[in-house]
Amino acid sequence: MHPAQIFHETDQAVLLERARGGGLALVIGVGAQGPLVAHAPVLLDDPRRLRFHLGASNPLSSALATGSQALVVLTGDDAYVSPDWYETPDQVPTWNYESVEIEGPVRVLDRAEATALLDDLTQRHEAPLTPKAPWTRGKMDPAKFEALLSGITGFEMRVERLTGVTKLGQNKTPAMVRRVAAALSQRDDAGAQRIAQAMLNRSREG
């Protein structure tokens, strides 16, 4: 978490929406040798639970299999901010971004639950690809699917903490925010353009 309270996102509805929209996340745990981290697709389809899977041979899988705590971090849109855009002296470069952190104890899913997770993840990410017909595991040899299923470990987290950062220049004057947003909106970068719009929206709300 960013240490400055001004950037802390406290609206749980915003955090839930951000978490539901996420795809690939950092999953962090602690093993016998220290911190462990892996990238994994995550699914939050219930405010109280988050599901994900890791390679069965991943050391993080073994660490989490004991029911320990895990931390999942999703970073949304982000954009570099040049000091020149403030048009104000003595500024420094920074990075504006949106993120969410989800923490809680995890348990291992059984094979049926892991299969359901894979089906749900596939449905979630195939849906936006229309008009392409969605891929389903029905297109696979069942024996091949079962063999591949043995290579992963599915997990379910009981969500105990949901926090995040919305860093959009809240520590700058409205005029400085407008200048930065104008510069970001001109970039050939969809994420930067969304950050620009979010900055303007936040400034109006404030």
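Two strands are taken as paired if DSSP finds at least two bridges between them. Helices (H or I, at least four residues) and strands (E, at least two) are DSSP runs, numbered from the N terminus. The structure is a predicted model, in which local features need pLDDT of at least 70 and side-chain atom pairs count only at pLDDT 80 or more, whereas totals for chains, interfaces and linings use all residues. Residues are numbered from 1 along each chain as its sequence is written, and side-chain values use heavy atoms, with hydrogens and water left out.

The chain contains 6 helices and 7 strands, arranged along the sequence in the pattern α-β-β-β-α-β-β-α-α-β-β-α-α. Strand β1 (residues 24–31) runs antiparallel to strand β2 (residues 34–46), to which 8 bridges join it. These two strands form a hairpin with 2 residues between them, and V30 lies opposite P35 of β2. Strand β2 is also joined by 3 bridges to the antiparallel strand β3 (residues 49–55). A hairpin through 2 residues connects β2 to β3; here V42 has F52 of β3 as its bridge partner.

The C-alpha atoms fill a box of roughly 65 × 45 × 25 Å along the principal axes. Of the 206 residues in the chain, 39% are buried (under 20% relative accessible area, with a 1.4 Å probe and protein chains only). Among contacts (heavy atoms within 4.5 Å) between residues at least 6 apart in sequence, 71% join residues at least 24 apart. The chain exposes about 11,300 Å², of which carbon and sulfur atoms supply 55%, as computed by the Shrake-Rupley method with a 1.4 Å probe.

Note on methods:
Buried means under 20% relative accessible area, exposed over 50%, partly exposed in between (1.4 Å probe, protein chains only).
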